[in-house]
Amino acid sequence: SELNEHRKVDAWNLAHRPGVAVDVRLDSGEVRETKTTSEAYVMCGQAVIFLLGVRGCYSLDCVAAREGN
């Protein structure tokens, strides 16, 4: 539900600031190391975030903070 997506965003933003190192699982299945360039937010009912070197925003479900962040 959209409420769950807002909860994901709140939890992410509480734990991580923009610029944190992450792994993102791209649509192709490739996992890429990058950094966030924004806070997470809900867009069209889905938790999303912007990433360095990745066009457009990505689902927060595909993003994981790297160890040590």
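## Terms and overview

Two strands count as a pair if DSSP finds at least two bridges between them. The model is predicted.

The protein has one helix and six strands. From the N terminus, the order of elements is α-β-β-β-β-β-β. The C-alpha trace spans about 30 × 25 × 15 Å along its principal axes. The radius of gyration is 11 Å, which agrees with the value near 11 Å for a compact globule of 69 residues. Buried residues make up 33% of the 69 residues. Of the contacts between residues at least 6 apart in sequence, 42% join residues at least 24 apart.

E1 pairs with strand E2 (residues 31–35) over five bridges, in the antiparallel sense. Val22 stands opposite Thr34 in E2. Asp23 faces Glu33 in E2 in the pairing. E1 and E2 form a hairpin, with five residues between them. Gly29 sits in the turn and has a positive phi of about 100°.

## The sheet E3-E4-E5

A further open sheet of three strands runs in the order E3-E4-E5. Here too the pairing is antiparallel. The edge strands are strand E3 (41–43) and strand E5 (57–59), and each pairs on one side only. The twist averages 55° from one strand to the next.

What holds for such pairing in general? Strands of a sheet pair through backbone hydrogen bonds, either parallel or antiparallel.

Three bridges join E3 to strand E4 (residues 46–50). Tyr41 has Val48 in E4 as its bridge partner. Val42 stands opposite Ala47 in E4. The two strands form a hairpin with two residues between them. In its turn, Cys44 has a positive phi of about 55°.

On the E5 side, three bridges join E4 to E5, and these strands run antiparallel. Val48 has Ser59 in E5 as its bridge partner. The hairpin of E4 and E5 has six residues between the strands. In this hairpin, Gly53 takes a positive phi near 80°.

## The nonpolar core

Which residues have the most contacts inside the largest nonpolar core? They are Trp12, Ile49, Leu51, Tyr58 and Val63. This core has 16 residues.

Tyr58 reaches several parts of the chain. Leaving aside its neighbours within four places in sequence, Tyr58 is in contact with Val24, Arg25, Leu26 and Asp27, among others. Ala47, Val48, Ile49 and Leu51 are also among the contacts of Tyr58.

Is Ser59 buried or exposed? Its relative accessible area is 12%, so Ser59 is buried, the cut-off being under 20%. Ser59 lies in strand E5. Beyond its neighbours within four places in sequence, Ser59 is in contact with Gln46, Ala47 and Val48. With Gln46 there is a side-chain link: a polar contact of 3.0 Å joins the side chains of Ser59 and Gln46.

Ser38 is found in the loop between E2 and E3. Ser38 is buried because its relative accessible area is 16%, and buried means under 20%. Leaving aside neighbours within four places in sequence, Ser38 is in contact with Pro18, Ile49 and Phe50. The side chain of Ser38 reaches the backbone nitrogen of Phe50 at 3.1 Å. Ser38 and Arg17 are 21 residues apart along the chain, and their C-alpha atoms are separated by 8.0 Å.

Conventions. Residues are numbered from 1 along each chain as its sequence is written. This is a predicted model: local features need pLDDT of at least 70, side-chain atom pairs count only at pLDDT 80 or more; totals for chains, interfaces and linings use all residues. Side-chain values use heavy atoms; hydrogens and water are left out. Helices (H or I, at least four residues) and strands (E, at least two) are DSSP runs, numbered from the N terminus. Axes are lines fitted to C-alpha atoms, for helices over the stretch in contact, and angles run from 0 to 180 degrees between N-to-C directions. A nonpolar core is a set of buried Ala, Val, Leu, Ile, Met, Phe, Trp, Tyr and Cys residues joined through side-chain atoms within 4.5 Å. Buried means under 20% relative accessible area, exposed over 50%, partly exposed in between (1.4 Å probe, protein chains only). Contact means heavy atoms within 4.5 Å. A polar contact is a pair of N or O atoms within 3.5 Å; within protein, one must be able to donate a hydrogen and the other to accept it, and residues adjacent in sequence count only if both atoms are side-chain atoms. The radius of gyration is taken over C-alpha atoms; the globule rule is 2.2 Å times the number of residues to the power 0.38.
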